Amino acid sequence: MIATIGIVGSAKFNHWISFGSAAAAPAAVTFEPIATQQILRDFAGGDVVVLSKKAFTDAAGVVATATRIDSDVVTADTSVMADCTVQHGTITLTCVVKGVTPRRMKTVVTRYFTDGSIAADSASEPVMSIGATLAATLGVKIGDTLDLAVPPNAARPVRVTAIHETGFAEYDLHLIVMNLGTAQAVIGTAMSAPTVELELGHADKAHHVARELQAALGDTYKVIDWCELNQKFLGCTWQPSAD
């Protein structure tokens with residue numbers, strides 16, 4: 001994942017991504033524990049992730065093309081992501097900030113909140129959720145303010161109004177989540193193209209849909225299925241079809 005998941009973005013999380021060969025048609029997938037798989041898919045963006053290699057993403061066009069390939073597209077969200085630093089007192093840590101749609105915040109991210117909430121906010125008064133490990137490391141609680149900087153932008157104060165806990169170490173220490181509009185203002189729209197995240201009715205079709213969508217969209221985009229996206233964490237592998 002991240003600031004459009006390693007294609008145009010995050011140095012910190014680039015090592016998460018492993019782009020395998022898309023030559024074989026999938027029939028099955030093997031993976032690590034389902035709980036881990038679900039956490040990674042929830043925060044990395046569903047079943048198929050479309051990354052723009054340019055500063056502009058035609059999200060509506062991407063979704064329309066995906067739906068023509070497979071009518072079983074359940075949800076389609078956009079997100080933005082970037083590397084950042086957060087500082088509290090004398091402690092500064094490198095993190096990743098991700099902006100998600102209000103729908104995804106309400107239906108997915110809030111399931112992982114152990115304290116607080118993310119309500120409507122504004123670019124002038126941004127709020128965020130941080131991981132439980134990050135909160136403990138910095139010694140902060142709900143209502144505290146951290147200085148958050150997305151280079152080359154100057155640091156700005158952002159208030160912590162929620163704490164999430166996934167049980168997944170990298171997310172609980174390094175991932176910051178905001179509303180999409182807030183994150184775009186903090187990151188700067190010119191610095192990060194939005195990512196389109198698709199959820200399918202059948203996750204086992206993700207590899208096929210991703211391959212077809214890549215062919216249809218061309219080189220402007222990089223299309224990745226959830227197994228490819230999290231291969232280093234899940235250890236999953238699409239198995240070639242016998243026929």
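Mentor: Let us begin with a definition: a salt bridge is a side-chain nitrogen of Lys or Arg within 4 Å of a carboxyl oxygen of Asp or Glu. Please note also that this is a predicted model, in which local features need pLDDT of at least 70 and side-chain atom pairs count only at pLDDT 80 or more, while totals for chains, interfaces and linings use all residues. Residues are numbered from 1 along each chain as its sequence is written, and side-chain values use heavy atoms, with hydrogens and water left out.

Trainee: How many salt bridges does the structure hold?

Mentor: There are seven salt bridges. A network of them links D77, K98, R103, R104 and E197.

Trainee: Which parts of the chain does the pair of R103 and D77 tie together?

Mentor: For this we need names for the elements: helices (H or I, at least four residues) and strands (E, at least two) are DSSP runs, numbered from the N terminus. R103 and D77 meet through their side chains at 2.5 Å, N to O. Because R103 lies in helix α3 and D77 in strand β3, this pair ties together parts that are 26 residues apart in sequence. The side chains of R104 and E197 form another salt bridge, at 3.7 Å, N to O. Here R104 belongs to helix α3 and E197 to strand β10, 93 residues apart.

Trainee: Are R104 and E197 buried or exposed?

Mentor: The terms rest on relative accessible area: buried means under 20%, exposed over 50%, and partly exposed in between (1.4 Å probe, protein chains only). R104 and E197 are both buried. D77 is at 5% relative accessibility, so D77 counts as buried, whereas R103, at 32%, counts as partly exposed.

Trainee: How is a pair of aromatic rings described?

Mentor: A pair of aromatic rings is described by the distance of the centres and the angle of the planes. Rings of Phe, Tyr and Trp (its six-membered ring) pair if their centres lie within 6.5 Å; planes under 30 degrees apart count as stacked, over 60 as edge-to-face and the rest as tilted. This rule gives three aromatic pairs. In one of them, the centres of F168 and Y171 are 5.1 Å apart and the planes stand at 55°, so the pair is tilted. Ring pairs join F43, Y112, F168 and Y171 into a cluster. F168 is buried at 15% relative accessible area, and Y171 is buried at 1%.

Trainee: Which strands pair with β8, and in which sense?

Mentor: Two strands pair if DSSP finds at least two bridges between them. β5 (residues 113–116) and β8 (residues 156–164) are antiparallel, with three bridges; D115 stands opposite I163. β6 (residues 127–131) runs parallel to β8, with five bridges, and V127 faces R159 there as its opposite residue. β7 (residues 145–149) pairs with β8 in the antiparallel sense over four bridges, and these two strands form a hairpin with six residues between them.

Trainee: Which residues does L213 touch?

Mentor: Contact means heavy atoms within 4.5 Å. Not counting residues up to four places away in sequence, L213 touches V48, V50, V62, T65, A66, I69, L198 and V223. L213 lies in helix α7 (residues 206–217) and is buried, with a relative accessible area of 0%. L213 and V48 are 165 residues apart in sequence, yet 9.5 Å apart in space, C-alpha to C-alpha.
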